[in-house]
Amino acid sequence: MNTKQRIELIIERMAYKRAGRIFEAEGAMGYTVLPAMAGFGNGNRWSRDTDISGSRDMVMIISINDPETAQKILDQLRTLLDEHIGVVSVSTVEVLRPERF
Amino acid sequence: MTVPEAFAKGLAFYLMMAIGLKGGVEMSKNALSFDVIAIFVAGIAMSFAIPFIAFRLLRATSNLDTVNAAAAAAHYGSISIVTFVAATEAVRLSGFESSGHLVALAALMETPAIISALLLVQRQDGAQAVAGAERGELLREVLLNASVVVLVGALIIGWVIGEEGNTKIAPFFVSPFQGVLCLFLLDMGLSAGRGLRQGWRQLDAATIAFGLYMPLVSALIASVVCALLNVGPGDATLFITLSASASYIAVPAAMRLALPKAQPSVYLTLSLGLTFPFNVTLGIPIYTFLASLVT
């Protein structure tokens with residue numbers, strides 16, 4: 001097993017392509033985008049099924065990288081999160097096949 | 001109760017296809033004339049101009065800052081395709097005729113308002129207020145969003161197939177139309193109620209009032225424009241409705257890219273929670289009356 005950094009970014013759906021470009025530009029080998037169902041934050045409640053525009057939908061992006069790549073990604077995500085609704089968390093994980101990350 | 005997301009989007013897709021086809025078929029029977037081009041130019045001008053009026057009203061009367069006022073104003077310069085669809089049914093039931101060109105105008109009036117909102121923010125707060133340099137993505141969202149693509153695509157198809165082709169697809173796109181519209185308006189009513197319940201506390205009284213009077217302001221301006229143009233009562237009703245409606249599908253999505261610091265709870269509560277139900281219940285009858293006065 002090998003140690004890597006897992007980045008979990010919850011961000012509004014309209015910004016996920018920008019976030020994806022950041023991950024790719026900073027050297028992430030890959031990432032996965034998952035739809036979020038509902039949530040609450042900053043006094044506002046939202047749910048996927050209630051807004052036909054989808055403008056308030058949120059997604060989660062998960063990416064596992066080595067610490068140096070993760071730090072470069074986080075530095076760029078900071079700017080993105082200044083503009084868009086979202087949160088990011090980082091955790092240390094153990095992975096099989098380190099060459100994939 | 002919520003209608004499943006995919007089902008609601010399917011209903012919206014069907015309605016846009018159906019209205020686009022209908023408009024295209026009508027257009028195939030009525031040649032493009034100077035009067036029609038004049039309506040198009042007037043509509044695009046309205047879409048550009050209304051956000052500036054709405055912005056001034058919001059800044060003068062409410063506590064909204066520049067970015068939120070501009071984002072909200074953009075919604076009122078754009079159009080609600082569902083309100084337009086409801087208005088076409090009202091026009092038909094009133095016995096008026098419409099030329100079909102107004103469907104094309106609906107597509108044309110979707111996007112100029114977004115440009116106006118960006119100009120408003122840049123003028124007031126400088127270019128930093130507009131997010132990033134992702135102009136390509138914003139341009140794609142603005143010009144190629146699902147509403148515009150389906151509407152324009154169906155319009156072209158309807159124009160090409162004409163009345164003869166329409167007869168063959170009528171059992172799917174014409175006969176069920178009213179029933180599908182009822183279902184979709186049910187879902188939109190539920191969405192509007194939820195949005196209003198969740199969002200109204202974040203709006204001051206002046207902003208709430210704006211959501212109710214701004215459609216009437218736009219309608220009056222559009223009525224004056226119709227009086228100057230050579231349009232029939234059916235087309236005038238639709239033109240006034242387009243001008244008085246507010247977007248809650250395409251523009252909210254574009255605003256998340258263009259003005260991400262604007263709060264969706266403000267502009268969505270206004271356009272979906274207040275203006276949409278007002279237009280569908282009271283607005284369309286008012287606009288039909290105004291159209292009959294000026295034509």
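This is a predicted model: local features need pLDDT of at least 70, side-chain atom pairs count only at pLDDT 80 or more; totals for chains, interfaces and linings use all residues.
Residues are numbered from 1 along each chain as its sequence is written, chains are lettered from A in the order in which they are written, and side-chain values use heavy atoms, with hydrogens and water left out.

The contact (heavy atoms within 4.5 Å) draws 21 residues from chain A and 28 residues from chain B. About 2,200 Å² is buried between the two chains, 50% of it contributed by carbon and sulfur atoms; buried area is the accessible area (1.4 Å probe) that two parts lose on being put together, summed over both. The chains share 1 salt bridge, defined as a side-chain nitrogen of Lys or Arg within 4 Å of a carboxyl oxygen of Asp or Glu. B:Arg256 forms a salt bridge with A:Glu12, with the closest N and O atoms 2.5 Å apart.

Within chain B, the axes of helix α3 (residues 66-77) and helix α13 (residues 264-294) come within 8 Å and cross at roughly 35°. Helices are DSSP runs (H or I, at least four residues), numbered from the N terminus; axes are lines fitted to C-alpha atoms over the stretch in contact, and angles run from 0 to 180 degrees between N-to-C directions. Residues of α3(B) in this contact include B:Ala71 and B:His75, and those of α13(B) include B:Leu270 and B:Thr275.

Notes
Helices (H or I, at least four residues) and strands (E, at least two) are DSSP runs, numbered from the N terminus.
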